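Thanks for coming. I have one structure to go through today, and I will keep to side chains and their neighbours.

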Amino acid sequence: MSYDYDLLVIGAGSGGLAASKRAASYGARVAIAEGDKVGGTCVIRGCVPKKLMVYGSKFSRLFEDAVGYGWRPVEAKLNWERLIRAVDQEVNRLSQLHISYLEKAGVELLPFFARFADPHTLELVDRQGQVQGRVTAAKILIAVGGEAIKPNVPGIEHSITSREMFLLPKQPKRMAILGGGYISVEFAGILQGLGTEVIHFLRGDRPLRGFDQDIQDGVYGGMIRHGIDVRPQCHITGLKLTKKGNIRICYEQQGQTCETKVDTVLCAVGRAPNLQGLGLDQAGVHLRTNSQGIVAIGVDEYYRTNQEHIFAVGDCTNRVNLTPVAIAEGRAFADTQFGNLPRTLSYENIPSAVFSQPEAASVGLSEAQAKAKLGDENVKIYRTAFRPMYHSLTGRPEQVIVKLVVEKNTERVLGAHMVGDNAAEIIQGIAIALKMGATKKDFDATIGIHPSTAEEFVTLR
């Protein structure tokens, strides 16, 4: 049977873009369908605009820190509208850049949403839900990413998600953030640094569940020091819109019924695969549900679904939901299916960062994971906490945490964790060492760069 394309990719996010360009480089006829801006969550409403806002939010403390170094105090005022406009312009520039990359790679961009009509046929749908055409493909890759979810709480429709955060026309004076994951923690730091009064509601005792305990404690302590009103062990019971346009938050904390008013509520309790409207049943694609009730597309180690010619990569499979992972999966898929270079991806020792304030980053096993896997007696912990040199003149009570998790018998380093400025940049390099199987002796034999925070990783005793 003749098809319009050798490969049709649904979704022009990180995984879809990587897969389509790599497949086209092998001579495949490739098209990618995207009804939104090209670039996906990371470029359009995730990593990139968020990191730009992180940068912007740090200036308020830099102005204050400068006084300790002899600079005269300055009175700086944020222009929220200018910041949002500048971020949006950069997002649009990057989106256009990705379109040009597709053109250079020979990938056809179909500016529509795609949904299955049958296993090999996709309908192209515009923003109004009208079908604008049909295309067929020998192989189909689903790379639609994820979307923010909201809990079943009365009045939750009055909250926004991270998608809307970058489009707020006015800066909130008082903001509540719901959730304890990395997105909520990052936005708490951003808004507080930009001058918004932030109340951060947690269901548990600490944010960043799943990270090493020292990272949880270090970030939590930093948030408190920076003036964020963190309220742990809270159960949100409802949101109500007041006559003045404020939002009343009703919640329970340690058996007490409480309420507070804010301008804006950011709901950042989690994300789930964005599978609505794909018509997966028309293609016979099976889904799977994890222990948390999140439904995702099931794939094997080569990203193949239960249908021989249909594949999926990235957040829609709900495995390791990180942009670089989606890119690596997309390229591995294309190499396997079109480059005659079958390969799979290793999900061990994948580094990750939280651009909180203070910043945090990790690679490998946490202390708890290592002890659960090997037993307490087989794990050795090397850890230090100290005030960074930069703050010796600012007077701020900031703290850096540096930690290695080591297998006792082999001395192999199983995990590296850090809280503090430039944690992501430092852990990225250490991830290479862990990937190569470095031992504590290898770290000890490495000469440090002095004076730096990074040298602490090679001087731990």
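Is Lys50 buried or exposed? Keep in mind that this is a predicted model. Lys50 comes out at a relative accessible area of 10%, and the cut-off for buried is under 20%, so Lys50 counts as buried. The residue belongs to helix α3, which covers residues 47–57. Leaving out residues up to four places away in sequence, Lys50 is in contact with Phe166, Tyr182, Glu186 and Ile190.

Staying with α3, the next item is its packing against helix α5, residues 80–105. The two axes come within 10 Å and cross at roughly 145 degrees. The crossing is right-handed. On the α3 side, the contact is made by Val48, Pro49, Leu52 and Met53. On the α5 side, Trp80, Leu83, Ile84, Val87, Glu90, Val91 and Leu94 take part. By class, that contact has ten nonpolar residues, no polar ones and one charged.

Now the aromatic rings. The count is six aromatic pairs. One of them is Tyr69 with Tyr390: the ring centres are 5.9 Å apart and the planes are at 25 degrees, so this pair is stacked. Where do Tyr69 and Tyr390 sit in the chain? Tyr69 is in the loop between α4 (59–68) and α5, and Tyr390 is in the loop between β21 (379–386) and β22 (400–407). They are 321 residues apart, and the pair links distant parts of the chain. Tyr69 has a relative accessible area of 39%, which makes it partly exposed. Tyr390, at 34%, is also partly exposed.

Another pair is Phe201 with Tyr251, and its geometry is edge-to-face, with 4.8 Å centre to centre and 65 degrees between the planes. Phe201 lies in strand β9 (residues 197–201) and Tyr251 in strand β12 (residues 247–253), so this pair ties together parts that are 50 residues apart in sequence. Both Phe201 and Tyr251 are buried.

There is also a cluster, in which ring pairs link Phe311, Phe333 and Phe338.

Last, charges over rings. Which residue lies over the face of Tyr220? That is Arg206, at 4.1 Å from the ring centre. For Tyr382, the charged end of Lys440 sits over the ring, 4.4 Å from the centre.

Key. Residues numbered from 1 in each chain as written. Predicted model: local features only at pLDDT ≥ 70, side-chain atom pairs only at ≥ 80, totals over all residues. Heavy atoms only, no water. Helix = DSSP H or I, 4+ residues; strand = E, 2+ residues; numbered from the N terminus. Buried < 20%, exposed > 50% of the residue type's maximum accessible area, 1.4 Å probe, protein only. Contact = heavy atoms within 4.5 Å. Axes fitted to C-alpha atoms, helices over the stretch in contact; angles between N-to-C directions. Left-handed = near helix turned anticlockwise from the far one by under 90°. Nonpolar A, V, L, I, M, F, W, Y, C, P; charged D, E, K, R; others polar. Phe/Tyr/Trp six-rings, centres within 6.5 Å; stacked < 30°, edge-to-face > 60°. Lys NZ or Arg CZ within 6 Å of the ring centre and 35° of its normal.
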